[in-house]
Amino acid sequence: MSVSEASGSDVVAESSGVLRCSVDELRTLFLFEKLGEDQLQWLCERGHVELIEPGPVYAEGSPATCFYVLLEGTVVMSRRVGADDIEVGRTSTRGVYTGAFMAYLGDRVPQVYNNSVRVTEPSRFFVLDAPVFAELMTDWFPMAVHLLEGLIAGGKWDRTTLVTLIKLQEEAAERVSKAPALSPLEASDREDAIADWLEDRGCREGWQLAPTFVAAGLDVEWLDHVEAAVDPSTLEAALRWLNYTVDTELLMSEIEDSTTRISTLVGAAKQYSQLDRAPYQVVDVHELLDSTLLMLSGKIPPGITVVKEYDRSLPPIPAYAAELNQVWTNLIDNAVSAMNGTGTLTVRTGRVREDDVFVEFGDTGPGVPPEIRNRIFEPFFTTKPVGEGTGLGLDISWRIVVKKHHGDLSLESSPGDTRFRVRLPVTWQDVEES
């Protein structure tokens with residue numbers, strides 16, 4: 001079905017991507033359903049319908065020149081977080097609007113798009129230029145404009161006040177990135193102090209604002225700074241606006257942190273699996289260890305402390321990287337199981353002699369009894385309860401280290417100090433032994 005067939009005969013192409021407006025179509029949108037015929041006609045005369053192919057509509061930070069209302073299609077909204085665009089919303093609901101919706105405030109606020117918008121399919125929008133939207137709002141809805149300004153400022157703010165608030169907003173956003181880590185007791189004390197400060201100044205339900213300010217690293221001293229910078233009549237509205245700003249920044253920081261964690265985990269998974277690399281290559285043993293520890297971090301109980309004692313002077317070694325990661329996995333899993341939820345896992349690297357390096361996994365568990373130490377590398381031998389172990393982990397690890405890498409896997413154990421040591425050559429080896 002074509003665009004014109006979907007929207008009625010009033011929708012006729014005028015030029016590439018630009019369509020004539022239909023009063024009948026505007027009447028079906030929740031934004032305009034209460035408007036009279038003259039008002040709908042005014043909109044159609046001053047606005048237009050635009051067909052936008054998949055791709056960007058506008059970019060965050062660009063001058064906000066247009067007000068967009070979705071007629072048909074799918075829009076995706078995103079915000080810039082560090083070097084990434086993070087999706088914050090996606091909708092196909094007719095009548096949703098975006099763009100220059102603050103145009104009625106004129107030069108009292110920066111008129112830029114506060115997010116980026118793109119469409120994922122050919123999409124139609126009703127579009128008004130920002131000055132036209134501002135005229136519409138102030139002429140048709142003066143009371144609504146007054147109330148909206150009141151929500152922001154408790155009344156109309158002059159340019160000087162707005163500039164001051166924007167500076168405070170920028171300061172608050174900067175403080176979010178430097179917020180200190182607080183203990184629950186420290187956070188509670190600061191929340192009480194801020195709640196008392198807000199209550200003393202007549203701020204309604206200030207206790208609801210306090211946790212956000214504390215999470216952002218803002219304290220009573222900073223609130224004193226805000227109080228000194230704004231008119232007393234607008235203090236509460238300014239604090240609520242700043243609280244909203246801080247809450248948004250905290251959310252964006254959380255998204256950025258989550259994105260970083262995901263990126264790190266994806267990198268670790270790639271390093272762990274070695275899917276994109278040759279099977280036998282020169283590798284940094286510490287990179288392999290770190291990727292394995294990260295991949296297993298969810299399986300290491302909080303009661304176990306991981307200590308890394310790396311000799312960073314070790315040279316890269318030739319290895320089957322993915323298979324060494326399997327060795328690390330088996331040895332870490334054994335150590336964690338032995339400690340039963342509490343203890344210290346020590347991962348240590350070093351040089352045995354000029355031709356070899358070692359990787360050692362130590363745990364503070366009860367140790368391996370002397371009578372079974374000579375059997376632990378046998379296939380299917382396990383000390384774990386039935387159903388919890390196959391008895392193949394150490395056998396597989398021994399084969400990978402000894403047969404494929406011409407190295408050695410050994411054990412030293414006493415109560416509270418068990419160490420599995422992997423020794424690996426630093427020079428290229430011949431084909432693996434059979």
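## Strand β5, tucked inside

Strand β5 (residues 66-72) has 6 of its 7 residues buried, so the rest of the structure largely encloses this strand. Buried here means under 20% relative accessible area, while exposed is over 50% and partly exposed is in between (1.4 Å probe, protein chains only). Strands are DSSP runs (E, at least two residues) and helices are too (H or I, at least four), numbered from the N terminus. Cys66 is one of the buried residues, with a relative accessible area of 14%.

This is a predicted model, where local features need pLDDT of at least 70 and side-chain atom pairs count only at pLDDT 80 or more, though totals for chains, interfaces and linings use all residues. Residues are numbered from 1 along each chain as its sequence is written, and side-chain values use heavy atoms, leaving out hydrogens and water.

## Who β5 pairs with

Two strands count as paired if DSSP finds at least two bridges between them. Strand β10 (residues 123-129) runs antiparallel to β5, with 6 bridges, and Phe67 sits opposite Leu128 of β10.

β5 also pairs with strand β8 (residues 97-99), again in the antiparallel sense, over 3 bridges. Here Val69 has Tyr97 as its bridge partner in β8.

## The cysteines

How many disulfides are there? A disulfide is a pair of cysteine sulfur atoms within 2.5 Å, and the count comes to 1. Cys21 and Cys44 form the link, S to S 2.1 Å. Cys21 lies in the loop between β2 (18-19) and α2 (23-27) and Cys44 in helix α3 (residues 37-46), so the bond ties together parts 23 residues apart in sequence.

Cys21 and Cys44 are both buried. Cys203 is buried too, at 8% relative accessible area.
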